[in-house]
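Please open the model in a viewer and keep the selection tool at hand.

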Amino acid sequence: MQWISDTSAGDWLRDRLDDPWKATMHDVVPHGFPAYARILHPAIVRSLPDRPVPSFEEYERMSEAEHLGLIDQYVDEPATWAETASAFGTTLHPLAQWQRIVRTPTDGDWNLRLSPDGREFTAPMEGEIAPETLSIIAAHLVSHTTTPDAGFAALWEGRGGLVGFLGHGPSRAFLTFSDDPNHQAMLDRSIRDPLNNAFRKPTWQEGILSREISEGPRFRLPGRDHVLFRGAVSDFARADWVLDAPWRDRPGEEHGFPPSAQSPTILWPDDHAWTLVSEIDYDSTIVAGSAELVAAICADERLEAFSIPENADLTWDADEVNR
């Protein structure tokens, strides 16, 4: 994949979106495909082997020694939506919404919920697919296009320090410590001195991508701007596609993090046979394509996927079954 400044290759997709937005998936997913698949992002379930996870109130009453005693006992595992629905006594269906699945009260926190059996469920990640999950999906995608070696990947520009900018501090900070007390004091001041920062001349703050790309043209869609790359969509069918992504997070690696790269927000081949969309506010990924492609994705037991109709409503309060 290589960055391109000519974003006209995405004009066809823009023309198939609703503008202005109409509160259906076609605010971000193109109209006009025979079928659509919704692939649910997994959640995380935390449990204790011998007891329910304590509630917030119970946790507050514990001593520090009790807190420390629990840390090594927690077990975190991926959780399907089906497992979650079973734990909360709700119904999983193609248009289910996480908030309804975990029975979130009107003023409640839907991101972290305790089930009746004492397990703690953390909501799925929004706008992002795990690299290994994307490779599974991509293996299906490349089998349903005549141009697997030619296509486009669009990345939403607002994710995790992707692009650089003129400013007073980076879009994300890595904790830095020094054995030299004078140096550490300087580092602390640079973070905690907003008064002087306000009068400081803006300087270029590096992102993951180069300054040329960061300041280059954007692939603009209603409400969303993206950096556009061109290359083989078949690359994403490899389990290690992250290692060759031009937007690999090398600054993070320099600070000790494992290799990582943002998953594409939108992916499509030259022949427009399908489109993959991981909208930044969705906890699921949508694939628009042929009926055969959607059937293959939904039949893959490694994925939790459903066929959904055109004009499906995936907004947070659209789940009519789990009211």
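Select H272, which is partly exposed with a relative accessible area of 31%; by definition, buried means under 20% relative accessible area, exposed over 50%, and partly exposed in between (1.4 Å probe, protein chains only). H272 is found in the loop between β12 (266–269) and β13 (275–277). Helices (H or I, at least four residues) and strands (E, at least two) are DSSP runs, numbered from the N terminus. Although H272 is not a glycine, its phi is positive, at about 60 degrees.

This is a predicted model, in which local features need pLDDT of at least 70 and side-chain atom pairs count only at pLDDT 80 or more, while totals for chains, interfaces and linings use all residues. Residues are numbered from 1 along each chain as its sequence is written, and side-chain values use heavy atoms, with hydrogens and water left out.

**The whole chain**

Now display the complete chain. Its secondary structure comes to 11 helices and 15 strands. The C-alpha atoms fill a box of roughly 60 × 55 × 35 Å along the principal axes. Of the 323 residues, 46% count as buried.

**Backbone details**

Select R103 next, in the loop between α5 (98–101) and β5 (112–114). R103 is not a glycine, yet it has a positive phi of about 55 degrees. With 48% relative accessibility, R103 counts as partly exposed.

Move to D19 and P20, which are joined by a cis peptide bond with omega at about 10 degrees. P20 belongs to the loop between α1 and β2.

Then select F165, in strand β8 (residues 165–167). F165 counts as partly exposed, at 29% relative accessibility.

**Aromatic rings**

A pair of aromatic rings is described by the distance of the centres and the angle of the planes. Rings of Phe, Tyr and Trp (its six-membered ring) pair if their centres lie within 6.5 Å; planes under 30 degrees apart count as stacked, over 60 as edge-to-face and the rest as tilted. The whole structure contains 10 aromatic pairs.

Select W12 and F33, an edge-to-face pair with 6.5 Å from centre to centre and 65 degrees between the planes. W12 lies in helix α1 (residues 11–14) and F33 in the loop between α1 and β2, so the pair ties together parts that are 21 residues apart in sequence. Both W12 and F33 are buried.

Which charged end sits over the ring of F33? It is that of R16, 5.2 Å from the ring centre. A charge sits over a ring if NZ of Lys or CZ of Arg is within 6 Å of the ring centre and within 35 degrees of the ring normal. The charged end of R46 likewise sits over the ring of Y74, 4.4 Å from its centre.

**The nonpolar core**

Select F236, W247 and V287, which touch the most other members of the largest nonpolar core, a set of 35 residues. A nonpolar core is a set of buried Ala, Val, Leu, Ile, Met, Phe, Trp, Tyr and Cys residues joined through side-chain atoms within 4.5 Å. Elements that each supply at least two residues of this core are β2, α6, β7 (151–156), β11 and α11 (291–299). The most come from α6, with 5 residues.

**The largest pocket**

Finally, select M125, E128, I129, A130 and P131, which lie nearest the centre of the largest pocket among its 36 lining residues. On a 1 Å grid over the protein atoms alone, a cavity is a set of points where a 1.4 Å probe fits but cannot get out, and a pocket is an open set with protein on both sides within 12 Å along at least five of seven lines; lining residues have an atom within 4 Å of a point. Two or more lining residues come from each of β2 (35–40), β3 (43–47), β4 (75–79) and α6 (131–142). The contribution of α6 to this lining is the most, with 5 residues.
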